[in-house]
There are 2 protein chains.
Amino acid sequence: MIMTRDRTFTLAVDALKEAGLRPTRQRVQLLHLLRAGGNRHLSADDLAREAKKVGLSVSLATVYNALNQFTQSGLLREVVIAPGISYFDTNIGPHHHFYFEEERRLQDIPVDAVSVSDLPPAPMGTKVARVEVVIRLESEQK
Amino acid sequence: MIMTRDRTFTLAVDALKEAGLRPTRQRVQLLHLLRAGGNRHLSADDLAREAKKVGLSVSLATVYNALNQFTQSGLLREVVIAPGISYFDTNIGPHHHFYFEEERRLQDIPVDAVSVSDLPPAPMGTKVARVEVVIRLESEQK
DNA sequence: GTGATTGCAAATCTTTTGCACTAAA
DNA sequence: TTTAGTGCAAAAGATTTGCAATCAC
């Protein structure tokens with residue numbers, strides 16, 4: 001029966017509600033897709049392509065909208081690497097990134113694998129929203 | 001005489017030659033403009049606008065090309081902040097950045113003001129090209 | 001001269017938006 | 001119902017590119 005399939009999406013639905021986002025079919029399916037398969041780094045286009053592959057009907061505009069809303073709600077994190085290259089990271093815990101320039105690929109670094117210390121204090125009137133560390137890698141013989 | 005004015009550009013010319021770039025009028029003027037006024041963070045558009053303001057004749061395409069060439073040659077550093085927002089930094093020494101979200105503004109942090117330690121080793125076959133730390137700031141009452 | 005560089009306009013790419021339609025509450 | 005969300009196509013930005021004209025060497 002239909003409930004069996006719906007149950008698969010319970011987590012996504014709950015997460016969306018908690019985030020204050022109406023759990024529409026598209027959002028539920030996209031969030032579910034994003035969370036399937038562990039921590040991932042996907043571009044908007046990657047996600048749209050993947051959605052199409054599994055037979056979802058979602059427009060690219062909706063993918064962009066959903067990704068932005070997810071990011072604002074803290075369900076995702078966006079990592080911008082170069083003009084025109086940005087990834088959405090399903091790992092929202094504190095961590096950092098390796099970026100393989102040649103492969104245009106991100107890899108998570110657990111937060112305790114790097115220590116960033118002696119941070120200068122946030123300037124007057126501001127507070128730290130996030131500390132981002134990206135270690136850019138190139139192939140060795142370069 | 002003309003030589004007096006040219007002398008102003010000697011440094012830029014030398015830097016370009018050293019970088020293997022032909023010191024054309026546009027490149028010399030742009031590099032000189034970039035280096036005037038200390039460390040700065042300019043978008044391509046900022047630079048084009050500024051060039052126009054001081055009466056230089058450079059097309060936007062050439063500004064982009066020059067900035068990319070300068071970056072590749074190590075005369076500049078590019079800092080990408082968000083999709084569609086990237087800055088070219090005239091400070092090419094090792095350092096990090098504060099980013100003021102609301103003001104869309106970068107500020108340098110001297111490298112010794114932050115310590116990034118216990119970096120995980122670069123994965124097999126790769127080497128670290130650069131370690132980038134961006135501290136994103138938001139206004140305090142937010 | 002000869003090959004590199006420039007300017008312009010057009011093309012490309014990524015991302016956002018307006019608006020009529022549809023779905024969620 | 002009533003309001004929020006979606007799809008589509010168009011618009012908006014940012015950046016790149018093709019090619020004839022120009023410049024550096």
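Reply: Contact means heavy atoms within 4.5 Å, and 37 residues of chain A are in contact with 37 residues of chain B. The model is predicted: local features need pLDDT of at least 70, side-chain atom pairs count only at pLDDT 80 or more, and totals for chains, interfaces and linings use all residues. Residues are numbered from 1 along each chain as its sequence is written, chains are lettered from A and ligands numbered from 1 in the order in which they are written, and side-chain values use heavy atoms, leaving out hydrogens and water.

Me: Why is the pair B:R136 and A:E132 called a salt bridge?

Reply: A salt bridge requires a side-chain nitrogen of Lys or Arg within 4 Å of a carboxyl oxygen of Asp or Glu. The closest N and O atoms of B:R136 and A:E132 are 3.2 Å apart, so the pair qualifies. Between chain A and chain B the count is 4 salt bridges.

Me: Why is B:H97 called buried?

Reply: Buried means under 20% relative accessible area, exposed over 50%, and partly exposed in between (1.4 Å probe, protein chains only). B:H97 has a relative accessible area of 1%, and is therefore buried.

Me: What makes strand 6 of chain A and strand 6 of chain B a pair?

Reply: Strands (E, at least two residues) are DSSP runs, numbered from the N terminus, and two of them pair if DSSP finds at least two bridges between them. Here 3 bridges join the two antiparallel strands, so they pair. In this pairing, A:S115 stands opposite B:S117.

Methods. Helix = DSSP H or I, 4+ residues; strand = E, 2+ residues; numbered from the N terminus.
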